Amino acid sequence: MILAMMVAFPAVSSAQQDQATLRRVHVMTGAGTLPRNPANRLEYLRYATTGEPRLTGAQLIERIPEVQKFARVSVESDEFIPYDQPQELKALSLRMSARLADPDIAGIVFTHGTNTIEETAYFVNLTVRSDKPVVIVGAQRPFSTLSSDGPLNLLNAIRVAADPVSRGKGALVVLNDEINAARDVTKSNTYRLETFQSRELGILGYADPDKIVFYRAPTRKHTAQSQFDLTQTYRKSASSTATPAMTAIWRRPRSPPAPRVSSLPAPAPVTPRTRGRFSRSSLMPPALSSCAARGSAPAGWFATTTGRSRAS
């Protein structure tokens with residue numbers, strides 16, 4: 001009898017709620033692999049050079065209609081928000097804080113390139129003045145390729161941003177079903193889907209199919225409790241326009257930029273920009289791959305600032 005009643009009256013999950021009762025998540029888009037849209041569904045490597053326009057935020061959401069089961073989604077604009085320079089990061093953080101001041105917005109999702117996702121996430125964690133979740137998301141494979149992680153990563157990021165349990169956790173990085181703290185996460189591999197890790201400290205939780213689950217929470221000051229406030233005026237040195245929060249980011253160890261092909265003596269080792277533990281020359285941008293082809297760099301595995309190289 002009880003079993004029959006359970007079949008007749010299934011439990012109502014968040015995926016079955018009416019749109020009017022769902023929380024609103026605001027999506028902001030930056031450049032990166034996630035919105036890439038190559039026509040060739042096997043183009044995992046050279047998608048940045050094939051010429052197809054990137055998908056806008058609205059187009060990304062249109063291609064994942066399932067998000068309507070979890071949140072009311074609004075999109076910032078069709079423009080890709082820059083984040084590579086200190087003043088761009090400051091403008092991004094201030095824009096996020098302004099959006100989160102809207103009582104109707106439960107959280108923000110920002111799509112980002114994975115090579116530098118940890119820097120932006122860390123900066124946001126220090127400077128956004130809200131306890132509402134800011135979820136940074138990226139992808140290792142372009143949106144339109146076979147088995148792309150982009151659609152599910154974006155869907156899970158929206159689910160995490162919409163869930164009340166995410167509040168007060170600071171900036172979060174969501175990929176591969178895993179939720180990482182912005183302060184702890186790092187990219188460990190240039191290609192694999194499980195690239196983002198928090199190493200000794202571990203992940204915060206999972207975006208499981210049935211619910212968002214957290215197993216721990218950050219204890220260091222962040223966001224609304226952070227000592228950094230971008231709305232205040234800081235004394236600037238003669239040689240710098242960076243605020244203390246920007247200096248905290250830019251003083252972190254970074255891989256040197258790749259030298260120009262014409263300036264490379266042979267042989268010369270090349271270090272990719274990402275801080276991942278390993279990467280392969282066949283998976284690098286065309287400029288670096290051409291270095292290897294010309295004998296200016298070893299084929300096979302390259303070392304980054306955190307790993308060792310293995311020649312093939």
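Analyst: The following account moves from the sheet to its helices and then to the nonpolar cores.

The model is predicted. Its open sheet consists of 8 strands in the order 2-1-3-4-5-6-9-10, with mixed pairing. Strand 2 (72–75) and strand 10 (212–214) are the edge strands, each pairing on one side only. On average, neighbouring strands of the sheet are turned by 25° against each other, direction ignored. In general, the strands of a sheet pair through backbone hydrogen bonds, either parallel or antiparallel. Here, strand 3 (residues 105–111) and strand 4 (residues 134–137) run parallel and are joined by 4 bridges. Within this pair, I108 stands opposite V134.

Two helices may be described next. Helix 3 (residues 86–100) packs on the sheet and touches strand 1 (24–29), strand 3 and strand 4; the direction of helix 3 makes about 155° with that of strand 3. Helix 4 (residues 117–127) lies across strand 3, strand 4 and strand 5 (171–175), and runs at about 150° to strand 5.

The nonpolar cores complete the picture. The largest has 30 residues, of which V109, L154, I158, V160 and I179 touch the most other members. Among the elements that each supply at least two residues of this core are strand 1, strand 4, strand 5 and strand 10. Helix 5 (150–162) gives the most, with 7 residues. Leaving aside neighbours within four places in sequence, I158 is in contact with V25, V27, I61, V67, A71, V73 and V109. Apart from this core lies another, of 24 residues, including L92, I136, F196 and L230.

Notes:
Residues numbered from 1 in each chain as written. Predicted model: local features only at pLDDT ≥ 70, side-chain atom pairs only at ≥ 80, totals over all residues. Heavy atoms only, no water. Pairing = 2+ DSSP bridges. Axes fitted to C-alpha atoms, helices over the stretch in contact; angles between N-to-C directions. Contact = heavy atoms within 4.5 Å. Core = buried A, V, L, I, M, F, W, Y, C linked by side-chain atoms within 4.5 Å. Buried < 20%, exposed > 50% of the residue type's maximum accessible area, 1.4 Å probe, protein only.
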